[in-house]
Each structure stands twice: as structure tokens, then as C-alpha cells.
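Me: I have a structure open here and would like to talk it through with you. Can we take it piece by piece?

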Amino acid sequence: MSLRTLRFLTAGESHGPMLVGILEGLPAGVPIDFARVDADLRRRMAGHGRGKRMKIESDTARFVGGIRLGETLGSPVAWLIENRDWVNWQQVMSVAPTGSGGVAESGNTPGPVETRRITRPRPGHADLAGGLKYDRADLRDILERASARETASRVAAGAVARQFLECLGIRVASHVTRIGPAAYAESADAVPFDAAVAVEESPVRCVDTAVAKAMIDAIDEAHNELETLGGTFEVIAAEVPTGLGSHVQWDRRLEARLGHALLSIQAQKGVEIGPAAWCATQPGSRAHDPILSDEHDRFARPSNHAGGTEGGMTCGSELRLTVHMKPLATLRQPLPSVDIETGEAVDAVVQRSDVCAVPAAAVVGEAMVALVLADACLEKFGGDSLRETKRNYEGYLEQMARYPEH
Ligand SMILES: Cc1cc2nc3c(=O)[nH]c(=O)nc-3n(C[C@H](O)[C@H](O)[C@H](O)COP(=O)(O)O)c2cc1C
């Protein structure tokens with residue numbers, strides 16, 4: 001539902017040979033900087049609290065279709081991202097039958113088994129529901145795809161979408177506002193877009209140094225206590241024109257499309273458009289953003305409590321989306337579970353895992369927002385070539401500047 005013009009698919013397992021992705025529907029002539037795609041992939045791998053896996057992988061996207069001499073062709077853009085860890089998993093993740101039935105992984109230490117079979121589902125992960133639904137006796141068949149390793153392919157797609165958006169002047173950034181107990185004060189001012197763009201140096205993607213320190217301490221403490229943490233991040237899009245999405249049909253409303261895209265990211269459990277929880281506590285006269293006119297703008301908005309949308313459409317303000325991530329489900333001090341093979345009460349399996357992945361999730365959030373905005377722009381402006389899309393876009397901006405002239 002979230003994409004109406006673009007089509008986007010990923011495939012690949014966490015410890016398989018590679019991840020693949022296809023993005024179809026971009027116009028021809030969009031310049032693609034491959035170094036920037038890889039830079040986004042590196043941003044997804046960074047962050048205090050990531051596990052060993054991120055030290056093994058050094059993601060890079062190899063484009064294999066839809067681009068020639070650095071520009072999109074209008075045909076499907078396709079890429080591969082190799083899993084460097086695959087060398088250690090060739091037997092376990094073999095596509096061909098290995099001739100071995102496998103031995104159940106015994107718990108905390110992966111043993112020298114041929115298929116590292118998993119039978120102890122982790123509460124909070126996809127293991128049990130997926131095992132039951134897909135009728136798999138080895139829960140690895142579920143967790144290999146449920147794993148957020150898949151988000152590397154989303155970030156590659158988002159990096160391409162972002163470069164298209166930048167041709168129209170639209171930019172996307174993110175920053176983290178909470179990790180476990182460490183957060184901004186409720187009364188804190190909104191973080192400016194440019195501060196979010198400049199947050200890359202922070203290991204927790206937090207703009208405020210004191211809050212960032214509290215976040216790092218919280219992650220270290222969680223690590224020592226064998227815990228995991230969730231948190232909250234904000235994705236901001238700037239220079240978004242009025243009128244992306246529509247009020248006329250439920251599945252065209254942009255908030256719904258953004259919510260779908262963001263909630264499709266593993267472990268993201270809540271999305272707010274603007275300060276929605278705060279607005280719910282306020283009377284209407286304080287919650288809504290007056291319409292004024294100043295010397296620069298005929299329809300100036302002195303505040304942005306709406307978060308950039310009104311009536312399912314962008315309204316000319318920055319788009320601001322707050323996303324809440326649950327704590328990671330793989331615990332080194334595992335919760336009670338039941339062995340699917342024996343029915344015995346056991347501890348859930350312990351896998352290699354992150355302590356906190358909120359900064360990485362924020363980068364994935366940017367990618368998903370970029371994809372939805374690119375889709376909404378192409379829905380609104382169309383175009384088989386970038387030149388055509390830009391001409392349509394500029395015509396629309398001109399028309400809006402003269403509104404309501406007929
Ligand atoms: C960037 C990122 C990294 C993640 N890393 C882990 C991890 O190391 N361990 C873990 O248990 N879950 C991790 N998750 C979350 C799981 O993938 C997710 O909880 C699981 O697939 C079940 O889906 P659900 O939480 O949406 O119900 C991560 C999520 C994201 C977005």
C-alpha cells in the first residue's frame with residue numbers, strides 16, 4: 001500500500017550469500033553516486049551498541065541493472081550486497097541439500113553442527129509465530145529472513161530514492177531522541193533539520209552532547225546487565241512541496257503510507273506524525289498551526305505541530321516523523337521458552353546480537369521515508385525522464401505561486 005508508483009522488492013537471508021534488491025519506476029537520467037550509496041550503508045552499520053556482526057560486514061552495493069554510465073535508464077535498478085560472513089555459513093545456509101539432518105543448537109554456544117538447527121524460540125522475535133505459520137522444524141528458516149540484515153537492501157534503495165529527491169531539492173535526515181531511559185526533556189525544542197544532517201559524528205545519532213552521553217552510558221549499562229534497549233528516533237524531510245498524497249481516498253493519504261513504510265521496519269512499533277502524543281493533550285487552539293502571511297510567504301506557518309501533513313497531504317512544512325523501537329528480542333540472559341521439538345521448558349536460544357540498534361534503525365527510517373516521498377513525487381509529477389519530472393515539478397511550483405489565479 002505504501003508505494004503506488006515505484007515497486008521495490010528485497011530478497012536474501014541474513015547469513016546467505018548476499019542480499020538483493022530491485023527498485024522499479026524511477027525516471028531515466030537520475031545521476032547516481034555509488035559512493036553515497038555505500039556511505040548510507042556504512043551509516044546503517046554504525047552506532048554504539050551494535051554487535052560483532054557489524055564488524056565482520058563492510059557493506060557495499062554492486063549495481064547490476066538499471067544504471068548506465070552513472071545515470072538511471074528508467075528500467076528496474078538492481079543491486080547485490082554480499083554477506084561477508086557467508087564464508088562461515090556456507091554449509092549451514094547451503095541452498096543445496098547437505099545430506100545432514102542437523103543437530104539442534106544446544107543453547108548459548110553455537111556448536112560445530114552442520115545446520116545449527118534452532119528449536120528454542122525467542123520471545124519477541126519472529127521465531128515461534130513464523131515456525132508455526134510456515135511449518136518449519138528449524139526456526140533458522142524463519143529468523144534468517146526476519147533478521148534486520150535485510151534492511152541493508154532497503155538502505156541501498158533509499159539511497160537511490162534520496163538522490164532522485166535531491167534533484168527536486170527534497171532532503172531527508174534523522175536523529176535519535178531516546179535510548180531506553182536516556183532522552184531529551186519533554187519540553188525540549190524541536191531539533192533543527194540542519195542539526196540532524198550534522199549528527200553523523202555522534203555514535204548514537206544524538207544532536208545534544210549531554211543526552212548523547214546519557215544514551216551511551218545507558219547502552220553500556222544494558223550491555224553489562226545482559227540487557228537490550230529500544231528507543232525513539234525522528235526522521236525529518238525538508239523542502240517538501242505542498243500536495244504530496246491526497247485526502248480523497250484512504251490509501252492515498254500520505255501519513256498512512258509513511259506509517260506503513262516505517263512500521264514495516266523490524267522492531268518499530270509506533271509512529272507519530274509531528275508531536276502527535278503532545279497534541280492529544282492540548283486544546284485545538286494550541287495544537288493547530290495558524291495560517292499567516294509574511295513578506296516571504298503568503299501562507300506562512302509559525303509552528304509545525306501537524307508534522308508536515310494536513311488532510312493526508314504534505315502542507316509545505318517540514319515532514320517530521322517520530323518512530324518508537326522496541327528493545328531487541330535476543331537476550332544474553334534469555335527469557336523462558338519452550339523447545340518446539342521436545343516441548344520442554346527451556347531458555348530461549350541466544351544468538352549473536354546487538355544491544356541497541358536505534359541509531360541504525362533511524363538510518364533505515366530515512367531510507368523508507370525517501371522511498372515513500374520519491375513514490376509520492378512520481379505519483380504527483382510523473383515523468384519518464386528526470387527532465388520531464390523536473391519540468392512538471394517546476395510548473396506545479398509556478399502554478400502554486402499564482403494560486404488562486406485561473
Ligand atoms: C537495524 C536493526 C537491527 C536489529 N538488530 C537486532 C539484533 O541484533 N537482535 C535482535 O534480536 N533483533 C534485532 N532487530 C530487531 C529484529 O529484527 C525484530 O525484532 C524481529 O525481526 C521481529 O520483528 P518485530 O520486532 O517487528 O516483531 C534489529 C532491528 C533493526 C531495525
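Me: Let's start with Arg149, where does that residue lie?
Reply: Keeping in mind that this is a predicted model, Arg149 lies in the loop that runs between helix α4 (140-146) and helix α5 (151-167).

Me: And is Arg149 buried or exposed, and why?
Reply: Arg149 counts as buried, because 22 C-beta neighbours fall inside 10 Å, and the cut-off for that label is 20 or more.

Me: How far is Arg149 from Ala28?
Reply: Their C-alpha atoms are separated by 30 Å, and the two residues are 121 residues apart along the chain.

Me: Switching to strands, what is the order in the open sheet?
Reply: Three strands form that open sheet, in the order β3-β6-β5, and their pairing is antiparallel. The edge strands are β3 (28-31) and β5 (67-68), each of which pairs on one side only.

Me: How many bridges join β3 and β6, and what stands opposite Pro31?
Reply: Strand β3 pairs with β6 (residues 71-73) over two bridges in the antiparallel sense, and Pro31 has Glu71 of β6 opposite it.

Me: Now the ligand, which residues come nearest?
Reply: Of the 20 residues around the ligand, those that come nearest are Ala148, Gln266, Thr330, Asp354 and Ala357.

Me: Which helix gives the most to that shell, and how do the shell residues divide?
Reply: Helix α11 (residues 358-381) gives the most, with three residues, while the shell as a whole divides into eleven nonpolar, seven polar and two charged residues.

How values were computed. Residues numbered from 1 in each chain as written. Predicted model: local features only at pLDDT ≥ 70, side-chain atom pairs only at ≥ 80, totals over all residues. Near = placed C-beta within 6 Å. Helix = DSSP H or I, 4+ residues; strand = E, 2+ residues; numbered from the N terminus. Nonpolar A, V, L, I, M, F, W, Y, C, P; charged D, E, K, R; others polar. Pairing = 2+ DSSP bridges. Buried ≥ 20, exposed ≤ 12 C-beta atoms within 10 Å, placed from the backbone.
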